[in-house]
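Please walk through the following structure one packing contact at a time, with the sequence and the coordinates open side by side.

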Amino acid sequence: MIEPHQLAAALEQAIERRAPLLQQLHAAGTDCYRLLHGVAEGAPGVTLDRYGPVLLLQTFRNALAAQVVERLRTVACRALTLDLPIACNHRGTPPPPGFVEHAPAPEALAENECHEAGVRFLVRARHRGQDPWVFLDLRAGRSAVRSLAAGRSVLNLFAYTCAIGVAAAVAGARRVLNVDFSQTALDVGVRNAERNGIANDRFTVLRSDCIPVLRQLAGLPVQRPGRNVPFPRIEVQRFDLVVLDPPRLAKGPFGTVDVVNDYQSLWKPCVLALAEGGVLIATNHVPEVDEAGWHEDLRRCAAKAGRPLQSLESIAVDADFPSFDGKPPLKVVLARV
């Protein structure tokens with residue numbers, strides 16, 4: 001277990017390493033980023049993020065006592081020359097008896113707003129789910145989408161709170177369809193769109209299992225598990241830009257999402273749903289997946305589907321998500337057909 005003074009020192013050093021990146025992000029209108037990235041920066045099981053006016057500390061192994069949390073807040077605020085409240089979400093083993101948990105200030109738990117390249121996103125340190133409403137490690141992917149979206153039709157799969165869809169619409173996408181199984185997450189996405197002044201006719205959400213929606217868009221049959229399992233009926237459509245950001249593993253009535261053993265079952269219909277000359281941005285969050293091998297699987301699958309890739313390139317995550325070997329768990333690709 002890391003000692004409090006070591007944890008504070010790790011945070012100081014991490015923020016110092018980020019100085020050039022933070023200067024760049026601030027200049028671009030971004031106030032949400034990671035300040036401390038777990039074991040890669042000497043803090044196993046601990047992450048600290050800034051989301052606009054609040055700090056979010058997450059612990060995945062041992063809980064941190066109240067005075068340790070406050071010490072980290074002091075270090076971060078001094079380095080950023082800001083006075084930010086902090087909330088700590090513990091997601092590891094239960095703390096021992098007598099443990100003094102940090103009590104966040106009310107403003108740390110309020111609904112707030114953060115900004116990425118000027119795009120406005122709602123954030124709440126604690127809500128009904130576990131994951132933050134904006135995934136900071138996918139910033140580089142959203143940047144790529146912003147650079148490509150103007151005038152294009154966009155399909156955003158496993159949209160969650162629609163951060164990528166909102167970024168695409170702000171960048172001038174002609175229309176954006178966001179698909180996710182969680183109505184609660186999509187509701188946040190709709191509110192994100194409203195905060196950015198996006199018209200309803202350019203931004204739509206669809207609550208559904210992504211598999212039957214994607215297969216219908218691609219013109220592939222849907223294996224219906226039974227009459228009592230409805231799904232929306234959708235015509236074949238082609239999109240200029242498709243974003244695929246699936247979870248590691250998810251089982252549903254229409255099949256299993258398994259990005260380790262069967263990424264191809266998602267990749268093939270995505271490729272088929274692309275318009276000629278279209279672009280596909282996809283993620284794989286699993287550390288043990290070899291990037292080169294994954295790329296080869298994607299190329300082979302596209303070729304077998306009759307839509308060979310014209311190019312396939314990696315999108316590197318930003319420097320606030322460092323790794324020991326330069327191979328971060330999150331892998332992002334940009335492919336063209």
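**Helix contacts and sheets**

In helix H9, Gln 264, Trp 267, Lys 268 and Val 271 meet Asp 297, Leu 298, Cys 301 and Ala 302 in helix H10, where contact means heavy atoms within 4.5 Å. By class, this contact of H9 with H10 has 5 nonpolar, 1 polar and 2 charged residues; here Ala, Val, Leu, Ile, Met, Phe, Trp, Tyr, Cys and Pro count as nonpolar, Asp, Glu, Lys and Arg as charged, and the others, Gly among them, as polar.

The model is a predicted one, in which local features need pLDDT of at least 70 and side-chain atom pairs count only at pLDDT 80 or more, while totals for chains, interfaces and linings use all residues. Residues are numbered from 1 along each chain as its sequence is written, and side-chain values use heavy atoms, with hydrogens and water left out. Helices (H or I, at least four residues) and strands (E, at least two) are DSSP runs, numbered from the N terminus.

The axes of H9 (residues 264-272) and H10 (residues 291-304) come within 9 Å and cross at roughly 50°, the axes being lines fitted to C-alpha atoms, for helices over the stretch in contact, with angles that run from 0 to 180 degrees between N-to-C directions. H9 and H10 are therefore oblique to each other, on a scale where angles under 35 degrees count as roughly parallel, over 145 as roughly antiparallel, 65 to 115 as roughly perpendicular and the rest as oblique.

The loop between H7 and S9 holds Asn 196. Leaving aside residues up to four places away in sequence, Asn 196 touches Gly 118, Val 119, Arg 120, Val 166 and Val 170. From Asn 196 to Glu 12 the separation is 184 residues in sequence and 34 Å in space, C-alpha to C-alpha.

Glu 12 brings us to a further helix pair. Pro 4, His 5, Leu 7, Ala 8, Leu 11, Glu 12 and Ile 15 in H1 meet a set of residues in H3 that includes Val 68, Arg 71, Leu 72 and Val 75. The contact of H1 with H3 divides into 10 nonpolar, 1 polar and 3 charged residues. H1 and H3 pack at an angle of about 20°, with their axes 10 Å apart, and are therefore roughly parallel to each other; H1 passes H3 in a right-handed crossing.

H1 (residues 4-17) also has helix H2 (residues 19-27) as a partner, their axes coming within 4 Å and crossing at roughly 60°, which makes H1 oblique to H2. In this contact, Ile 15, Glu 16 and Arg 17 in H1 meet Ala 19, Pro 20 and Leu 22 in H2.

Helix H3 (residues 66-80), in turn, lies across S1, strand S2 (46-51), S3 and S4, running at about 135° to S3. These 4 strands form an open sheet in the order S1-S2-S3-S4, again with mixed pairing. Strand S1 (32-37) and strand S4 (86-90) stand at the edges, each with a single partner strand, so one side of each is left without a neighbour in the sheet. Strand S3 (residues 54-59) is joined to S4 by 5 bridges, and the two run parallel; Thr 59 stands opposite His 90 in S4.

Technical notes:
Pairing = 2+ DSSP bridges. Left-handed = near helix turned anticlockwise from the far one by under 90°.
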